[in-house]
Amino acid sequence: MLPCSADHRGLCRATSAGYLSLLLFSVLVTISAACSNGACQVLEACAAATDCGPGLYCGNCPASGKNQPVCTRGQAIAPTSIINGLPFNKYTWLVTHNSFSIVDAPPLPGVQRLTFYNQEDTVTNQLRNGVRGLMLDVYDFENDIWLCHSFQRQCFNFTAFQPAINTLTEVEAFLSQNPTEIVTIILEDYVKTPKGLTTLFTKAGLDKYWFPVSKMPRKGEDWPTVTEMVQENHRLLVFTSDGSKEALEGIAYQWKYMVENESGDPGVKPGSCPKRKESKPLNSKSASLFFQNYFPTYPVEAEACKEHSTSLEEMVGTCYKAAGAMPNFLAVNFYMRSDGVGVFDAVDRMNGRTLCGCSTVSACQAGAPFGSCKNVSVPTRSPVTNNAGSFTGSVQFAKSASTVYSPNRLVVFMFYIPLMAFWL
């Protein structure tokens, strides 16, 4: 547009007003054409959670430079709802690291908690959203067994969360309400009370779901099928980091049955997938489960959405090459945070490749030959809500975390940092 002269200022003002009116009209048309009221699909722009369809929330990822809120996946697709009846070790399951270490979990009365947080919603909600593995740190504390995010093999009042019975009761309720679901618990075990864990699980009512150690494959054979596990009600797998508990309490020693990569920063280093020191080599054929850790040493909420993007896909590929097999468990922090599809899409891809030879489990077809895939759009698609299981969990974050964006909640005194390097 030509610059205005003194003789034409009135015309210029009229022309400017016209441009502004046209711009406003264009904005209104754009807004009116945008989706809303639950019609928005994954990766479509949104202004509120109510804009997005089932299993989605409205979020963004400033850490990746993605400030525009979009509908973001917050629930998993149950692989057994598409391809069922295979051995348990043929599937990949989503796991939450330090499932109990939840933002906004109240500290002990009169105590300021000093620790890191790894998740943002309750264990019940995690399970309802498709999480099928829980990592729990158990300690003797206050004449009971507690969940603590601690160090030096000891629970303190400023690292304690709650008695373990509370969380295990949530697991029991979920298994009772969902009779075809299977849950795995990985214990970082510091309990010294004789028969303490056996008593704890029995008290929580979980003994009736217990998968017996005597039936676990010891030489890398296939596990029973998920159908058989459900029929026999062996729907709870529990592993411990304490090798003595298998003989003493009948709790499986983790690294006898699975291989595992290193946790913390070594587990997210591009191009590298080292084994955890307690684990057999990742390509060992004597264990039929593969547990992949994917979370940094120091968890930061605001960075998790970036971590759960391309770098996650690349690390899955790196660890797949190192082990010669797809991970059966993928453990993450802040599991719902992503730039749109995140860990849910990663697990879909892992299951798709293993179960049917397709790019995603959504493309699998029950009863079809391996490699026969439906034509689906990846990753710009909505979760398969009609056959993805009875997920009823909320996809909102904890009360102090914004639905769209939450700032870094890393609030600890700096002199604790060296100690916290062991809190994994």
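## Hairpins, strands and salt bridges

Let's start at a turn: strand 4 and strand 5 form a hairpin with 2 residues between the strands, and there Glu142 takes a positive phi near 50°. Helices (H or I, at least four residues) and strands (E, at least two) are DSSP runs, numbered from the N terminus. This is a predicted model, in which local features need pLDDT of at least 70 and side-chain atom pairs count only at pLDDT 80 or more, while totals for chains, interfaces and linings use all residues. Residues are numbered from 1 along each chain as its sequence is written, and side-chain values use heavy atoms, with hydrogens and water left out.

**Around strand 5**

- Strand 4 (residues 133-141) and strand 5 run antiparallel and are joined by 4 bridges; two strands count as paired if DSSP finds at least two bridges between them.
- Within this pairing, Asp140 has Ile145 of strand 5 as its bridge partner.
- Strand 5 also runs antiparallel to strand 6 (residues 160-163), with 3 bridges joining the two.
- Here Leu147 has Gln162, in strand 6, as its bridge partner.
- Strand 5 (residues 144-148) is mostly covered, with 4 of its 5 residues buried; buried means under 20% relative accessible area, exposed over 50%, and partly exposed in between (1.4 Å probe, protein chains only).

**Strand 11 and its two neighbours**

- Strand 11 pairs with strand 10 (residues 258-260) in the parallel sense over 3 bridges, and Glu260 has Phe291 of strand 11 as its bridge partner.
- Strand 11 also runs parallel to strand 12 (residues 329-332), again through 3 bridges, and Gln292 is partnered by Leu330 of strand 12.
- Which way do the residues of strand 11 point? Leu289, Phe291 and Asn293 point one way, Phe290 and Gln292 the other way, and all are buried.

- The buried residues of helix 3 include Leu168, Val171, Glu172 and Phe174.
- In helix 4 (residues 196-203), Gly196, Leu197, Leu200 and Phe201 are buried. Seen down the axis, the buried residues of helix 4 fall within an arc of 120°, so they line one face of the helix; the arc is that of the directions from the helix axis to the C-beta atoms.
- The elements covering these buried residues of helix 4 include helix 3, strand 4 and strand 5, where contact means heavy atoms within 4.5 Å.
- After helix 4 comes Gly205, whose phi is positive, near 80°.

**Salt bridges**

- The model has 16 salt bridges, each a side-chain nitrogen of Lys or Arg within 4 Å of a carboxyl oxygen of Asp or Glu.
- Asp339 and Lys66 form one of them (3.1 Å, N to O). Asp339 lies in the loop between strand 12 and helix 10 and Lys66 in strand 2, so the pair ties together parts that are 273 residues apart in sequence.
- Asp339 is buried, at 17% relative accessible area, whereas Lys66 is partly exposed, at 40%.
- Glu181 and Arg132 form a salt bridge whose closest N and O atoms are 2.9 Å apart, and both residues are buried.
- Glu301 and Arg337 form a salt bridge too, with the closest N and O atoms 3.8 Å apart. Glu301 lies in helix 8 and Arg337 in the loop between strand 12 and helix 10, so the pair ties together parts that are 36 residues apart in sequence.
- Salt bridges that share partners join Glu120, Glu301 and Arg337 into one network.
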